[in-house]
Each structure stands twice: as structure tokens, then as C-alpha cells.
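Dear colleague,

My notes on what was found in it follow below.

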Amino acid sequence: APSATNPLYEAFGLYDAASPADVDAFCSCLDAPPHAREAIRRYAEKTHEMIVDIAAKLASSLGLDCSFQDWPCQFRINRYNYTPDTVGKTGVQIHTDSGFLTVLQEDDCVGGLDVADPVTGEFSPVEPLYGTFLVNLGDVATAWSNGTLHNVRHRVRCVAGMPRISIAIFLLAPSDDMVRAPEAFVSAELPRRFRDFSYEDYRRLRQSTSEHAGEGLARLVA
Ligand SMILES: O=C(O)CCC(=O)C(=O)O
Ligand SMILES: [Fe+2]
């Protein structure tokens with residue numbers, strides 16, 4: 001629901017996108033007619049396949065052979081209730097995604113997503129590109145890779161006076177909820193940076209401290 005921090009933003013979603021029963025329950029909440037139900041089911045299935053595949057390729061590029069098939073996955077539709085009066089206002093505050101990997105389908109027409117340069121902190125706009133997805137790493141990626149991968153700070157601003165919709169799928173954390181860098185990422189030169197932690201605890205920590213941009217990782221330093 002819209003909040004004091006992000007009054008133009010609302011979202012609804014489901015957990016777990018890999019579970020046909022969860023997707024069905026979500027469709028029932030929406031009172032989705034059969035053709036919409038089928039479209040949502042296929043979209044969740046295909047984007048889940050895609051995110052698991054991207055994660056495996058990412059791991060393999062780091063020399064690790066692992067499967068992300070059973071990692072819980074959240075699916076969310078974001079809606080920004082923009083009007084001509086809200087141009088220039090915040091859509092979503094600066095944040096990092098808390099999980100491992102996000103695949104985002106941007107609005108085809110309305111831009112406004114900005115990503116921060118990790119060194120300078122400067123924001124650059126991401127122009128919407130029809131037919132593409134955007135891949136983004138979250139806090140769990142930083143911890144799980146022992147600091148090899150970088151979480152990305154981003155925000156959404158209202159740049160046009162019309163509603164904006166984006167669809168995100170989030171691969172969150174290992175299925176046992178415990179985030180721990182595999183041994184392959186740990187060496188004498190690169191000692192373990194973070195203690196083992198529960199993703200659910202970390203998510204609660206982010207909420208309770210209102211630290212939404214990965215600051216909480218500093219609390220988990222080994
Ligand atoms: O709507 C967007 O472009 C980004 C949404 C986002 O950052 C999120 O859902 O975490
Ligand atoms: Fe995000």
C-alpha cells in the first residue's frame with residue numbers, strides 16, 4: 001500500500017513464484033478470469049526459469065556449479081500512481097533489493113528508474129527498452145559471494161504524469177534461509193567477510209532499522 005515514504009507506490013505479489021499452488025491462490029485473490037490466470041501462471045513459470053538460469057550462469061562465471069532451483073522466489077507487480085502533479089516526486093526511495101537476484105520488466109513507456117554508481121554514488125537513468133529485462137543484484141548476492149558481487153542502490157522517480165507499472169521477480173536466498181558464502185569464495189587473501197545469517201532475520205532487521213540500502217550488511221560483518 002502507499003506509505004508516507006513512498007505515497008505514489010503500491011505493489012502486490014506472491015510468494016513463492018515457483019509454487020503452482022501459490023500462483024493459483026494469488027489468481028483467486030485477484031478473481032482472475034481463466035485467460036488471465038493462464039497468462040499469470042505462464043509468466044511466473046517462465047520468469048522463474050529465467051531467473052534460476054541467470055543465477056546459475058552468474059555462479060558458473062565465478063567458477064561455481066550450483067543450482068538455484070529451490071531458492072524461494074517472490075513475484076511482485078509495482079504500480080506508481082503518477083499524475084501531472086507528481087512529476088519530479090519520488091516513486092520509490094533509494095534502496096537495494098534485499099535478496100540475491102532481481103529480474104525486472106520495466107514499464108514499456110514510462111522511465112524513471114535510476115541506478116547508483118557504486119564509487120561516486122551518482123545516479124544514472126535506465127531508459128525503458130521494449131522487450132528487455134533488467135537484472136539487478138541485492139544484499140544477499142554481496143554476502144553470499146563474500147563481497148565479490150555488488151548490490152546495486154537504485155530509486156524510482158516520477159518523470160511523466162501517467163501511471164507506471166513494473167513487474168519484478170526476486171530470487172531471495174537459499175532454501176534453508178541461511179546465507180553463507182561457499183568455500184570457493186573464501187581464501188587467505190579473501191577471508192570470510194560476513195557471519196552466517198538467516199535471510200528472514202535480515203529482512204526483519206532492514207525493516208526495523210529502516211535501513212533499506214544495504215547498510216544492514218555492516219552489522220553482519222564477521
Ligand atoms: O519499478 C522499478 O523500476 C523498480 C522497482 C524496484 O526497485 C523494486 O521493486 O525493488
Ligand atoms: Fe528495487
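How many cavities of 30 Å³ or more does a search of the whole structure find? Please keep in mind that this is a predicted model; in it, the search of the whole structure turns up two such cavities.

The largest cavity has a volume of about 60 Å³, and its lining is made up of Ala143, Asn146, Val179, Arg180, Ala181, Arg192, Arg193, Phe194, Arg195, Asp196 and Phe197. Sorted by class, that lining holds five nonpolar residues, one polar residue and five charged residues.

The second largest cavity, with a volume of about 30 Å³, has a lining that divides into eight nonpolar residues, two polar residues and no charged ones. Tyr43, Thr47, Met50, Val103, Leu104, Gln105, Phe133, Ile167, Ala168 and Ile169 form this lining, and at least two residues of it come from each of α2 (34-61), β4 (101-105) and β9.

Turning to the pockets, the largest one contains about 870 Å³ of space and is lined by 37 residues, of which Tyr9, Arg76, Val92, His95 and Arg206 lie nearest its centre. Two or more residues of this lining are given by each of β1 (9-15), β2, β3 (90-95), β4, β7 (134-137), β8, β9 and α4 (199-209). By class, the lining of the largest pocket has 13 nonpolar, 18 polar and six charged residues.

The second largest pocket has a volume of about 320 Å³, and of the 19 residues that line this pocket, Pro118, His150, Asn151, Val152 and Arg153 are the closest to its centre. The lining of the second largest pocket comprises eight nonpolar, seven polar and four charged residues.

Which pocket holds the space taken by ligand 1? That space is the largest pocket, and the elements that give two or more residues to the shell around ligand 1 are β2 (73-80), β8 (154-157) and β9 (164-171). The ligand is surrounded by 13 residues, and the closest of these are Arg76, Tyr80, Glu106, Arg164 and Ser166. The shell around ligand 1 divides into five nonpolar, four polar and four charged residues.

An N or O atom in the side chain of serine 166 is 2.6 Å from an oxygen atom of ligand 1, while for arginine 76 an N or O atom of the side chain is 2.9 Å from an oxygen atom of the ligand. In the case of aspartate 97, a polar side-chain atom lies 3.1 Å from an oxygen atom of ligand 1. Taken alone, ligand 1 exposes 300 Å², and the protein buries 97% of that area.

Finally, two points about the backbone may deserve a look on your screen. The peptide bond that runs from tyrosine 15 to aspartate 16 is cis, with omega near 25°, and aspartate 16 lies in the loop between β1 and α1 (20-30). Aspartate 31, which is found in the loop between α1 and α2, has a positive phi of about 55° although this residue is not a glycine.

With best wishes

Definitions and conventions
Residues numbered from 1 in each chain as written. Chains lettered and ligands numbered in written order. Predicted model: local features only at pLDDT ≥ 70, side-chain atom pairs only at ≥ 80, totals over all residues. Heavy atoms only, no water. Near = heavy atom within 4 Å. Polar contact = N/O pair within 3.5 Å; in protein donor to acceptor, adjacent residues only side chain to side chain. Areas by Shrake-Rupley, 256 points an atom, 1.4 Å probe, with all protein chains shown as cover. 1 Å grid on protein atoms, 1.4 Å probe; cavity = no way out; pocket = protein on both sides within 12 Å on 5 of 7 lines; lining within 4 Å. Sits in = over half its atoms within 2 Å of the grid points. Helix = DSSP H or I, 4+ residues; strand = E, 2+ residues; numbered from the N terminus. Nonpolar A, V, L, I, M, F, W, Y, C, P; charged D, E, K, R; others polar. Points joined across faces, edges and corners; volume = space filled by probe spheres on them.
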